[in-house]
Amino acid sequence: MCGIVGYVGMKSAAPLILEGLRRLEYRGYDSAGVAILNDNRIITRKKAGKIDDGLARLLGLQPAPGTIGIGHTRWATHGAPTDDNSHPHFDQSGRIAMVHNGVIENYDRLKARMKDHTFRSATDTEVLAHLIGIHYERLKQEAGGSELPLLTRAVTEALREVIGTYGIAVACADQPGLLVGARRGSPLIVGIGNDEHFLASDALAIAAHTRQVVYLNDYDVVTLQRERFQVANLGADTARVQITRLEIDPEAAEKGTYPHFMLKEIFEQPRAVENALRGRINHDEATANFGGLNMTLAELRAVDRIVMPACGTSWHAALVGEHLFEEFAQIPTEVEYASEFRYRNAPLEKNTLVLVITQSGETADTLAGLRESRRRGHKVLSVCNVVGSTIAREADGGIYLHAGPEIGVASTKAFTSQVTVLTLFALLLGRIRTLAASRAMQVIRSLEALPKQLESVLKQNDEIKRIALKYAAAEDFFFLGRQYNFPVALEGALKLKEISYIHAEGYPAAEMKHGPIAMIDEKTPSIFVMPDDALYDKNVSNLEEIKARKGPIIAITTEGNTELAAKVNDILYLPRTQDPLFPLLAALPLQLLAYHIAVARGCDVDKPRNLAKSVTVE
């Protein structure tokens with residue numbers, strides 16, 4: 001959730017770290033700080049607020065020279081977003097500095113043992129820094145050699161006492177030639193350069209400087225020096241180290257000419273869907289091909305139940321997938337909140353396939369559900385966007401989205417890419433069962449038409465903005481849909497909540513009369529997602545119930561509908577497509593409505609309050 005960057009080499013560390021933190025600010029933007037080693041002392045600069053408003057300005061006024069350092073951009077867990085609670089934090093001596101992503105669950109018990117220590121923050125991180133310092137001082141006094149540097153040994157000993165999750169980077173003024181990193185449950189990557197090494201919680205931070213990386217595993221502890229790095233593991237005699245080549249284009253993480261990342265990523269969706277489809281359609285057999293499932297057709301045919309743990313936007317994509325798997329493949333499917341699934345003792349039959357959905361591949365609750373499912377012996381596949389992420393590596397197999405970096409905190413192109421990939425997977429499962437080739441080809445042709453159709457939807461941006469400005473002052477919204485379009489109604493409500501802070505709820509349209517319709521008045525708009533499908537007339541009836549109570553209505557329907565405009569206040573028309581694919585088209589106007597409303601209300605759409613992109617803490 002927070003962002004970590006470390007550097008050891010021959011270049012000036014502070015500018016490199018600051019550049020990396022800017023790329024990671026979407027992971028946390030409550031505060032930021034750096035610690036730079038210089039002549040056996042540590043220079044610290046840290047400030048609450050966004051990087052350019054705080055840390056960057058501070059470094060401009062008070063430079064921090066040195067070629068080794070660590071940096072952090074914070075999303076607050078323990079302690080308010082203040083200067084004192086900003087990272088880095090120090091041990092009691094002030095000679096050891098540390099940045100941390102995660103939660104130390106037993107920090108209060110550890111802190112209670114340190115009665116003679118002075119703490120300057122309300123964070124759990126500072127307690128771990130003090131614990132490392134305690135072990136460092138103890139190990140200095142003990143005789144006996146070790147191949148590992150003293151700081152590495154102190155970090156290792158301290159982490160054996162920790163309960164919780166962590167991705168950490170540690171520097172010591174007494175050992176100016178090295179950095180130490182460690183991870184459990186929070187991502188950390190080593191970047192390999194020429195006479196330099198990097199440490200980062202996200203490859204985006206270092207992709208401009210190296211393409212050779214090592215994804216650390218849980219319980220790994222890495223020692224970085226200018227000319228070498230060494231990885232040990234707390235739970236094993238040897239660590240598994242694999243050097244991987246990054247395929248990230250750092251320019252893809254730039255806004256370009258767009259005012260916000262969110263708008264850029266909304267407009268990238270035609271290409272993202274195209275990339276999700278590329279090379280995966282088999283016209284001859286009217287099916288889909290995937291290279292990374294690591295399951296035979298016989299194993300897939302034996303699946304008699306699918307369970308999909310996910311969170312947030314991914315959960316909404318999974319709800320669309322539930323309809324797809326049950327319609328195309330006749331497989332009973334359930335969608336679970338990953339945060340609940342991990343603690344339930346849910347009965348899973350032998351032939352249950354667990355399919356986890358995640359953009360980042362690091363979501364803590366989803367990862368825990370994956371591990372519990374594998375522990376029980378179930379096959380686990382992942383749908384994931386980030387190559388090399390923990391979930392992608394730990395699943396038995398999976399499907400990458402290839403959507404490119406998603407920087408805006410409110411997910412957009414990941415949702416449409418996830419739904420696209422789930423449609424292809426449902427086709428594959430259906431074709432090895434009872435789905436007719438003719439029906440499959442109808443869906444395939446509609447999938448192939450999607451990129452151009454999405455482009456045509458984006459051309460309505462000006463009209464969508466006009467509607468958004470008309471309702472930007474509203475304080476409550478309802479988003480309504482049926483069947484495939486109920487999940488996209490939920491997603492539309494979430495987008496509006498996330499970036500504009502307007503209260504919004506998504507419901508199946510028919511559920512309004514079972515309670516929520518009490519909230520309807522002339523100040524509460526309802527957005528209906530209602531294509532010309534089998535439930536269109538039912539949607540019209542639900543719409544009339546709201547209209548009778550003077551509720552403003554925005555309708556999203558299919559091109560060629562000639563009757564609906566007279567019944568609603570505003571209307572948007574989308575291209576005709578197969579019913580299961582309409583959510584892919586409807587997602588875009590809902591995203592743009594939320595975007596333009598948020599901008600009109602003066603909100604920071606890329607960095608909405610209280611949110612971070614990748615939730616790696618529970």
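**Sheet.** I began with the open sheet, in which 5 strands follow the order β18-β17-β19-β20-β21 with parallel pairing. Two strands count as paired if DSSP finds at least two bridges between them. Helices (H or I, at least four residues) and strands (E, at least two) are taken as DSSP runs and numbered from the N terminus. I noted that β18 (333-337) and β21 (397-400) are the edge strands; each has a single partner strand, so one side of each lacks a neighbour in the sheet. From one strand to the next, the twist averages 20°. Axes here are lines fitted to C-alpha atoms, for helices over the stretch in contact, with angles from 0 to 180 degrees between N-to-C directions.

**Basis of the entries.** The model is predicted, so I record that local features need pLDDT of at least 70 and side-chain atom pairs count only at pLDDT 80 or more, while totals for chains, interfaces and linings use all residues. Residues are numbered from 1 along each chain as its sequence is written, and side-chain values use heavy atoms, with hydrogens and water left out.

I looked up β20 (residues 379-384), which pairs with β21 in the parallel sense over 4 bridges. Ser382 has Gly398 in β21 as its bridge partner.

**Helices across the sheet.** Which strands does helix α9 lie across? I found that α9 (residues 312-328) lies across β17 (305-310), β18 and β19 (352-358), and runs at about 170° to β18. Helix α13 (residues 413-431) lies across β17, β19, β20 and β21, at about 160° to β19. Contact, in these entries, means heavy atoms within 4.5 Å.

**α9 with α16.** I then followed α9 to helix α16 (residues 485-500): their axes come within 8 Å and cross at roughly 165°. The two helices are therefore roughly antiparallel (under 35 degrees is roughly parallel, over 145 roughly antiparallel, 65 to 115 roughly perpendicular, and the rest oblique). On the α9 side, the contact is made by Gly312, Thr313, Trp315, His316, Leu319 and Val320, and on the α16 side by Pro487, Leu490, Glu491, Leu494 and Lys495. I counted these by class as 6 nonpolar, 3 polar and 2 charged. Ala, Val, Leu, Ile, Met, Phe, Trp, Tyr, Cys and Pro count as nonpolar, Asp, Glu, Lys and Arg as charged, and the others, Gly among them, as polar.

**α13 with α18.** The axes of α13 and helix α18 (residues 582-600) come within 10 Å and cross at roughly 175°. That makes α13 roughly antiparallel to α18. Phe415, Thr416, Val419 and Thr420 of α13 meet Pro583, Leu584, Ala587 and Leu588 of α18. I noted 6 nonpolar and 2 polar residues in this contact, and no charged ones.

Is Ala555 buried or exposed? With 0% relative accessibility, Ala555 is buried (under 20% relative accessible area; exposed is over 50%, partly exposed in between, with a 1.4 Å probe and protein chains only). Ala555 belongs to strand β25 (residues 553-558), and Asp570 to strand β26 (residues 570-574). Asp570 is also buried, at 4% relative accessibility. Leaving out residues up to four places away in sequence, I found that Ala555 touches Phe528, Leu564, Val568, Asp570, Ile571 and Leu572. With the same exclusion of residues up to four places away in sequence, Asp570 touches Arg466, Ile467, Lys470, Tyr471, Ile553, Ile554 and Ala555. Asp570 and Ile553, 17 residues apart in sequence, are 6.6 Å apart from C-alpha to C-alpha.
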